[in-house]
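Load the model in your viewer and keep the selection tool handy. We will go from stop to stop, with something to select at each.

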Amino acid sequence: MSERAEVIVCGAGTAGAVVAARLVEAGASVLLLEAGPDHGGPDSGRWPADLLDASGISGTHDWGYAGPGGGGQELTFGRARVIGGCSSHNGCAQTCGWSGDYDELAEELGAPEWSAEALRPLFGRVAERLHIRSYEEDEIQPFQRAFLAAAGSVGTPRTDDLGDLDGGAGCGAEPVNIVDGVRWNTAFGYLEPLRDRPELDIRPDTMVDRVLLDGDRAVGVRAVAGGQLVEFHADEVVISGGAYGSPEILLRSGIGPADELRALGIQSEHDLPGVGRNLHDQPAAHLEYAAAPGLVDELAAFAREHWMPAEQAIAKLSASHTDGPYDLHVYPWVEPDEEGEADTGWRCVFAVGLLRPRSRGALRLASADPGDRPRIDHAFLSDPDVSDLEALVRGVEWMRGVAMNPDMAASLGRALVAPGAPDDPAALREWVRRTHRHYWHPAGTCRMGGTDDPGAVVGHDGRVHGLRRLTVADASVLPMITRSTPAWPVAVIGERIGATLAGG
């Protein structure tokens, strides 16, 4: 079975939905292939409640990725297999990062279209499509209010500039993509207005196996749909599978490190050593406490009158080695204690994530079977000068100060996660290494760079080096992740590369 389209976009996630929409709006006919289900519009009645409910993070529709942490612990790497991708299950915190990082990227690529000034209109466009806004003061629930007050008391001022590319260190209420309690994903914001357009053909439950090549040109893809192999042919192929999915597709296509592919029985079509390399995510450490009875009462009273999300505030801190105004996010939340450790039934979590990690790992295929998950190792906390670990330790120490501050301490009961003693730095470092988690923000596996850069996979326009009519557009193209929660910047990547493909 074979079908033909003008452009094939592989993945209807945070970036892929944006790319497809920009192309359709420009008049191109697009076949959008999504491995997960398409639940329709926000009012279809088919969406699972957990994917619509923006008060917490959903764990359903997961791809099942996993790998080691810096201390050998097993970590799971949640990625959403559904239309809208991770924008359909994330925590809805929308931060844009710091302008200096985009300016540095533009300079490195020799591509002014990636500068902060050039991207500002695209950030605005995404904000409009996803209805991004900040919480009003009367919407902030008691635990989050206490955190903001305590952060100010320990010297981190209230700035409310998380959506400002020129913002600096400080803390404030999050900008969010939430409409009346509903998580407004990129499928809602970008695809829904175009569903009646004949140029857009969405195919859910269709998993792309590999890109089809004719010499050095992409001519289509092979996918699995309904248990059957099907080929789709096109003039242009765009891969938007995310930092894990995009390199998987390239590698199964024979595009990547030739020796590794041959060892798996995959014919090397295009030796590109950087595919799957440069993998990194923002490592995170957690402190957890039982909620005090008084806080539980306050939360119950608030919930009777307001919609109550778990997470609402972020503090931006400067780590010792940072090359910008901040390099850490502290993002607290409160949730029911499903593990039964807290007498009050509620758990308070303080998480600190390192935004610009120096450690680099890799993604490698386990086999040529698209049903097998790859081998993922971010090499967390492995940078030679140990700066990643030191930055997280600094964040944990700051969180302890917040937890002990009178503005916060009254809301907390006993510690449920207790790291090494405060006067034992070595024990604290070892605890962070053994117990760290991550911020759910992988990037870098198909990174942008010049043709003279042996580790680069794509150019500044997202086109794969050495191949024609093949583009990657998602977080995998970032040489280094932005100083942010990346959903907003990743949608901007979709806007930027989508506009380039559309001739804009």
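Start by selecting L31 and D201: the bridge partner of L31 in β11 is D201. Strands here are DSSP runs of E with at least two residues, helices are runs of H or I with at least four residues, and both are numbered from the N terminus. Two strands count as paired if DSSP finds at least two bridges between them.

A word on what you are looking at: this is a predicted model, in which local features need pLDDT of at least 70 and side-chain atom pairs count only at pLDDT 80 or more, while totals for chains, interfaces and linings use all residues. Residues are numbered from 1 along each chain as its sequence is written, and side-chain values use heavy atoms, with hydrogens and water left out.

Now show the whole sheet. What is the order of its five strands? The sheet is open, with parallel pairing, and reads β11-β3-β2-β15-β27. Its edge strands, each pairing on one side only, are β11 (200–203) and β27 (470–472). From one strand to the next, the twist averages 20 degrees; axes are lines fitted to C-alpha atoms, for helices over the stretch in contact, and angles run from 0 to 180 degrees between N-to-C directions.

For the antiparallel sense, select β13 (residues 217–225) and β14 (residues 228–233), which pair over six bridges. A223 stands opposite V230 in β14. Two residues lie between the strands of this hairpin, where G226 has a positive phi near 60 degrees.

Next, pick F188 in helix α6 (residues 186–191). Is F188 buried or exposed? Its relative accessibility is 3%, so F188 counts as buried; buried means under 20% relative accessible area, exposed over 50% and partly exposed in between, with a 1.4 Å probe and protein chains only. G41 is 147 residues away from F188 in sequence, yet their C-alpha atoms are 6.2 Å apart. Leaving aside neighbours within four places in sequence, F188 is in contact (heavy atoms within 4.5 Å) with residues including G40, G41, P42, W47 and L52.

Move on to helix α5. The twelve residues of α5 (residues 142–153) should span 16 Å at 1.5 Å a residue, and the end C-alpha atoms are 17 Å apart, which agrees; the expected span is 1.5 Å times one less than the number of residues. At the start of α5, a side-chain oxygen of Q141 comes within 2.9 Å of the backbone nitrogen of F143. Buried residues of α5 include F143, F147 and L148. After α5 comes G155, with a positive phi near 100 degrees.

Finish at H286 in strand β19 (residues 283–291). H286 is buried, with a relative accessible area of 7%. Not counting residues up to four places away in sequence, H286 touches W333, F350 and W431, among others.

Methods
Polar contact = N/O pair within 3.5 Å; in protein donor to acceptor, adjacent residues only side chain to side chain.
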